[in-house]
Amino acid sequence: MPLVVTDKEASKHNSHGSGANPNTSRHKNLRRSRTLNEEKRPTSERPKVPLRHASQTLEDLVRCAICLEQLRRPTMLPCQHTFCLACLRIYAEKKSTTISCPTCRLQVALPLEGINAFPTNILLQAFIESLSTDSSTQVESTSTEATSKGIDVCFRCSCRSQSNVTCQHCNQLFCKSCHLLHTTQLKKNWSDVIDDLFAEKQRLCLIKQESKARYKKIRDNVRASVAIQMQQLSEKQEQLLVKLKLWREEEAAKFTEIQELCDQILAQTPTIGSRDEEPVPNADVLKQSEAILQTARLCGTTRLIFDSEELSLTCQSTEMEETDGCVATSISTASAALLHASVCSSVSNESSTHSRTRNRRVLFTDPSEPAHLASYSAPPTDCKKPPEYQSTADKQSLYYRSLPGHPRQRITSSLLQRPAGVAVSPWTGEIYVAATDSHRVYVVDKSGKIIKSLGSPYRSDLRGGSNGSTVSHGTSTTTTPSANCGTFLCPFGIAFSTVAEEIYVTDKWLNCIQVFNKEGAYERQIGAEGSSAGHFRSPEGIAVDRNGNIYVCDTCNDRVQVLDRNGIYFRELGVVSSMTLPGGKLYQKKEFSEPTGVAVSPDGSRIAVCDFGNCRIKVFGTNGELVVVFGFRGTQRGQFQHPECLAIDDQGFILVGDNGNGRIQIFRPNGNFVRTLGTKGAGPGQFNWISGLTLSKDMDIIVTDFKNHCIQFF
């Protein structure tokens, strides 16, 4: 703050510095008398104080003692000294609890809120605002006047001089004193900027080094993690390929061994070929043939499943465990004698334990003989079934929840061994069951009596014969009737077309669809083995919509083909996405993994598919768009272990045969869980492998069990 010295202080300083002066008292008295005389004069006659001295005093009053500039946001300390708020902030930057006043050095405690907590000097603030207005007006007038006279005005102190200097940095005029102060301040500011730039440069260098080290570390981690996972995936791939190769070699060896045994038996009966002169086989040949048949029927009952999410191979068997163990040990060598011995041993064991499979000589059973049925009827219950479908989804859900857990009826028969698909005739209400061991489709009435059969088994006297002439219609293959048409190797799925009045049966091992009219007479064959459109590989489930379109689960081709009523292919369900693997190999990722069951809602608006390999149910719209997906692998409610078949009622409720968990699960059309029926086991109300599922007009839930060799009604 500039020092202002009055005349009195100056005279006192002179008196102390120069010693006793005889003229000092005389000058004091003279000055005092002049002051008294001036005070007695009128105000108008008193001499005026120079304006520059008054202006300078006001500027000193509003000048900050820290920055020597005009106060900005004047903030007052408890000692009544006022400074700029920004200056106080910088001044108190390194102070923690107290600061000393820059003017009087009074120690002032800092509030918790900081410098902002000190009050604003309102009086000085108002005075500065008014002074700024007057000064700007005065400066403008002075500048105008000075410009007109050719005199420069200092930008800092507004003094008029012809020797003012222009600053090259800010292009402003300063007097010599102000220019010196301004230059000093600029140097100080520039020094601070240089220090800040140097510090920032050092910080950026450190950040750059740290970022470089961090990026390098992350890069190494990424490479290491990916390398480890690739190594693990490579090892997993090798393990899976080795396991797959071993399984394939074992299956091929087993098939070859059984074929050789079949050739040995056939070589012992060279005269077979004429039905009129069929020889009577001896007991040994008959027993060996039965053992070979039992073993051959086990071939194809195991299914290798690949889980793409968990990268695992599992072998799922559709045959009962005890049967597997009994027969698997019987084919240890290719010797027919050892086979006969093991068969005799197994026959004796079966007679003692009353096994379910002891009367399974299907090939030598005359189809004209009456069927021997074993029927189980549940005890009467208070729950009565409604004569017609419920009108709303809530009532339908309530009805399913009210169903008893035990079956109303259970049918077993020596002819119904390993039943697969089941369907109800829309014309007569009779039940059609595909018997895989008998190689026929049997028609059963409501009481459980077998009325008739469709087709005939694939017989040895027709081996090597023709299946008729094959005609190709674009994307469809139709076979005309011949001597071997209408025969089955493995009838599986059954569906009815009310539009064409036809019955469709898929043959899993002949890779085709056998077509019969509604009276049961054979008409034609649709499809042949292959992977192109209209061809099949191990087809299983089949369904027909109200327009006569045919939906076929082409299981081993991982797709669901849609045919028109004439059997001509026109589209398929599921999205197939293609991708290029490393090395340029093209890979197609398909929507399904071995679909086994398909069902169409009565109104034709929804098509539900059992995705066996992925353990999911996928529902599609009429245009093939995916509408609903539910379920995943597990044992809880709404989870599946290899679902194989399903059915849809009039309200759109979906019934799913959950094979691995031994139960039927019922869902709403949107996939919400309703309830389960049955448990794992071999008794009434229990399941070992649900292979067929359908609904009758009376709301009977009809289930075929492949392992338990029975049909159950709920």
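## Burial and overall composition

A residue counts as buried when its relative accessible area is under 20%, as exposed when that area is over 50%, and as partly exposed in between. At 0% relative accessibility, D554 therefore falls in the buried class. The model described here is predicted.

The protein chain holds ten helices and 43 strands. Of its 714 residues, 39% count as buried. The accessible surface of the chain comes to about 40200 Å², and carbon and sulfur atoms account for 54% of that area. Among contacts in the chain with a separation of 6 or more, 48% are between residues 24 or more positions apart.

Strand β43 covers residues 710-713. In a regular strand, side chains alternate between the two faces of the sheet. In β43, C710 and Q712 point one way, while I711 and F713 point the other way. All four of these residues are buried.

Strand β12 (residues 409-413) pairs with β43 in the antiparallel sense over four bridges. Within this pairing, R410 stands opposite Q712, and T412 has C710 as its bridge partner. Four of the five residues of β12 are buried, so this strand is largely enclosed by the rest of the structure.

Strand β42 (residues 701-705) also runs antiparallel to β43, and four bridges join the two. T704 has I711 as its bridge partner in β43. The strands β42 and β43 form a hairpin with four residues between them. In that hairpin, H709 takes a positive phi near 55 degrees.

## Nonpolar cores

The largest nonpolar core has 20 residues, and L77 and I115 have the most contacts inside it. Elements giving two or more residues to this core are β2 (82-84), α4 (85-91) and α5 (122-149). Leaving out residues up to four places away in sequence, L77 touches F83, L88, C101, P102 and F118.

## Aromatic pairs

A search of the whole structure finds twelve aromatic pairs. One of them joins Y400 and F653, with 5.8 Å centre to centre and 40 degrees between the planes, in a tilted arrangement. Y400 lies in helix α10 (residues 393-402), and F653 lies in the loop between β35 (643-648) and β36 (654-658), so the pair ties together parts that are 253 residues apart in sequence. Both Y400 and F653 are buried.

F612 and W689 form another pair, with ring centres 6.5 Å apart and planes at 55 degrees. Planes under 30 degrees apart count as stacked and those over 60 as edge-to-face, with the rest tilted, so this pair is tilted. F612 sits in the loop between β32 (607-611) and β33 (616-620), and W689 in the loop between β40 (686-687) and β41 (690-695). The pair links distant parts of the chain, 77 residues apart. F612 is buried, with a relative accessible area of 1%, and W689 is buried, also with a relative accessible area of 1%. Elsewhere, F630, F640, F667 and F673 form one aromatic cluster.

## Salt bridges

The whole structure contains 16 salt bridges by the search applied. One of them is between the side chains of D698 and K446, at 3.6 Å from N to O. D698 lies in the loop between β41 and β42, and K446 in the loop between β15 (440-444) and β16 (450-454), so the pair ties together parts that are 252 residues apart in sequence. D698 counts as partly exposed, at 37% relative accessibility. K446 is exposed, with a relative accessible area of 58%.

R559 takes part in a salt bridge with D554, at 2.8 Å from N to O. R559 is buried at 9% relative accessibility, and D554 is buried at 0%. R559 also forms a salt bridge with E572, where the closest N and O atoms are 3.9 Å apart. R559 lies in strand β27 (residues 559-563) and E572 in strand β28 (residues 569-573), so this pair ties together parts that are 13 residues apart in sequence. E572 counts as partly exposed, at 27% relative accessibility.

Notes
Residues are numbered from 1 along each chain as its sequence is written. This is a predicted model: local features need pLDDT of at least 70, side-chain atom pairs count only at pLDDT 80 or more; totals for chains, interfaces and linings use all residues. Side-chain values use heavy atoms; hydrogens and water are left out. Buried means under 20% relative accessible area, exposed over 50%, partly exposed in between (1.4 Å probe, protein chains only). Two strands pair if DSSP finds at least two bridges between them. Rings of Phe, Tyr and Trp (its six-membered ring) pair if their centres lie within 6.5 Å; planes under 30 degrees apart count as stacked, over 60 as edge-to-face and the rest as tilted. A nonpolar core is a set of buried Ala, Val, Leu, Ile, Met, Phe, Trp, Tyr and Cys residues joined through side-chain atoms within 4.5 Å. Contact means heavy atoms within 4.5 Å. Accessible areas come from the Shrake-Rupley method with a 1.4 Å probe; for residues, only the protein chains shown count as cover. A salt bridge is a side-chain nitrogen of Lys or Arg within 4 Å of a carboxyl oxygen of Asp or Glu.
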